[in-house]
Amino acid sequence: MTVAAVITGVGPVAPGGVGATEFWQAISAGRNLLARITRFDPEDNPVTIAGEVSFDADELIEHRYLVQTDRATQFGLAAADLAMADAMFSPPALNPFAAGVITTSCVGGAESLQRGLGKLWRCGPDHVSPYQSFASSHAATTGQVSIRDTMKGPCGVLVTDEAGGLDTLAHARRAIRRGARIMIAGAAEAPLCPYALAPQYSARMLSESADPRTAYLPFSHDARGYVPAEGAAMFVVESAADAAERGSRPKAVISGHGATFSAVAAFDPSGEGLAMACRKAITAAGCRPEDIDVVFADATAIPTADRAEVTVIKSLFGTKVPVTAPKAGFGRAYASSSALDAAAAVLSLDHGIIPPIPALAEPIDELDFVVGAPRRAELRTALVLARGYGGMNSALVLRRPDH
Amino acid sequence: MSSISEQTYQELASVILQCGGITVSIHRLSHRGTTFADIGVDSLGMLAVVRELEHRRRVDLGATAAQDCRTPHQLMSRLCEACDGEV
């Protein structure tokens, strides 16, 4: 029999909420948490609105890790702590070689890279920290979590843009099926620095609106691109049997995952790749489209990509399935965006409540968008969608465990 | 070689905190048996500590100081030599 992989701990670090309780309060209320960027002076930048995390690194991260990590990794370390506490798991594991870490990031440690380059050119090579050798690496978060928490089992790093947050959960499930006993999986991003944002401006996918209330309006006729955000979400994944033995309550079952690559220069406007990822995920979960009780949409607010996503949802599920995108309230945090969506879906299944899209006055289509207020619903199965720039598509089916 | 003053260990402690994020007492630092590994300073942290001392004192501790000096006492002795005993 195939081993069922379950999520026993959720650790979100998001604008508006550090930890599952705060995060859920923010998203279920449909609050808009977008605001003018304060991490740097955005005056001369086309993008001035973002979703920033209120985060006291000194309080949450041990000092020895602070000096050698980027803000992204600090988010990841804090999120891993939160997820493990939520799962009632204290590292190290009994067998450290059966405990692993798989994380994803799109931007990596761009802020520390920017600082290091600044020091290099301003002061010379002697002033660049030796820790710069890995602080800006995409692998840093996996490395630091595995070192700090003595996780010597299967470790890895994915770079698949926004799709990564879902892909890591699929990898974690695979590791559990191959014999790992506990996996930390998730995403961490801190892209709110000029060096990370500058290369994105020419693609014109980021919202250049200066009004936080209207800057990020996915599925709206007024959609003008997405608002960037920072944050992380980590999960504890283990087998249902191990969770039961530890007395840790499973919050969701990782039921099915599908990933495809459309090989395009942007977000696949055809939607074909996303549709195939959905079909794969649903088939892998052993369910039918009509079993899906809620869809957490990718919601780029790029008109062609929104249209493609709506077409996929409509063609597979019709217009009756509730569709939401809580990220419209706090921004699109690259790989962490889909990880935070997965966290939102897990909490949604757990509470029987769909968190809303904060505002959507004029939707582009007649889907059943959940807007403005949370909706109570009998939720058994959630589908989370994510697309990466360049054509990565990922779909994840999560199920409420049978208690 | 002159003896190493408490003030010098105090400075080393502040460099270790700045470069490695590790708080360590002067008492522990000045104990001859204490190693950097005991305190938790890793190999990259050693590179940063050595370089910061070189910047502050405007001396060259040698290319292999971070590898050679396993203990604070050894590093302080090397600093003492590099500064002609004036630390």
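A: In this predicted model, Ile102(A) stands opposite Ala185(A) of strand E7(A), and this pair belongs to a parallel pairing between E5(A) and E7(A), residues 182–189, that runs over six bridges. Thr103(A), for its part, stands opposite Val157(A) in E6(A), where E5(A) and strand E6, residues 155–158 of chain A, are likewise paired in the parallel sense, over four bridges.

Strand E5 itself, residues 99–104 of chain A, is mostly covered, with six of its six residues buried. In a regular strand the side chains alternate between the two faces of the sheet. Ala99(A), Val101(A) and Thr103(A) point one way from E5(A), while Gly100(A), Ile102(A) and Thr104(A) point the other way, and all of them are buried.

Turning to the nonpolar cores, the largest has 56 residues, of which Ile292(A) and Leu383(A) touch the most other members. Among the elements of chain A that each supply at least two residues of this core are helix H9 (194–201), helix H11 (272–284), helix H12 (303–317) and the strands E15 (381–388) and E16 (392–399). The core also draws at least three residues from each of domain 1 (5–246) and domain 2 (255–399) of chain A. When neighbours within four places in sequence are left aside, Leu383(A) is in contact with Cys278(A), Ile292(A), Val294(A), Val295(A), Phe296(A), Phe317(A), Ala395(A), Leu396(A) and Val397(A). Apart from this core lies another, of 46 residues, which includes Ala180(A), Val237(A), Val294(A) and Ala343(A).

Two individual sites complete the view. Ser28(A) is found in helix H1, residues 20–28 of chain A, and counts as buried because its relative accessible area is 14%, which is under the 20% limit. The side chain of Ser28(A) reaches the backbone oxygen of Trp24(A) at 2.6 Å, and, not counting residues up to four places away in sequence, Ser28(A) touches Pro355(A), Pro356(A) and Pro374(A). Asp211(A), by contrast, lies in the loop between H9 and strand E8 (231–239) of chain A, and is classed as partly exposed because its relative accessible area is 23%. The C-alpha atom of Asp211(A) is separated by 9.0 Å from that of Leu34(A), although the two residues are 177 residues apart along the chain.

Definitions and conventions:
Residues numbered from 1 in each chain as written. Chains lettered and ligands numbered in written order. Predicted model: local features only at pLDDT ≥ 70, side-chain atom pairs only at ≥ 80, totals over all residues. Heavy atoms only, no water. Buried < 20%, exposed > 50% of the residue type's maximum accessible area, 1.4 Å probe, protein only. Polar contact = N/O pair within 3.5 Å; in protein donor to acceptor, adjacent residues only side chain to side chain. Contact = heavy atoms within 4.5 Å. Pairing = 2+ DSSP bridges. Core = buried A, V, L, I, M, F, W, Y, C linked by side-chain atoms within 4.5 Å. Domains from an automatic or database assignment.
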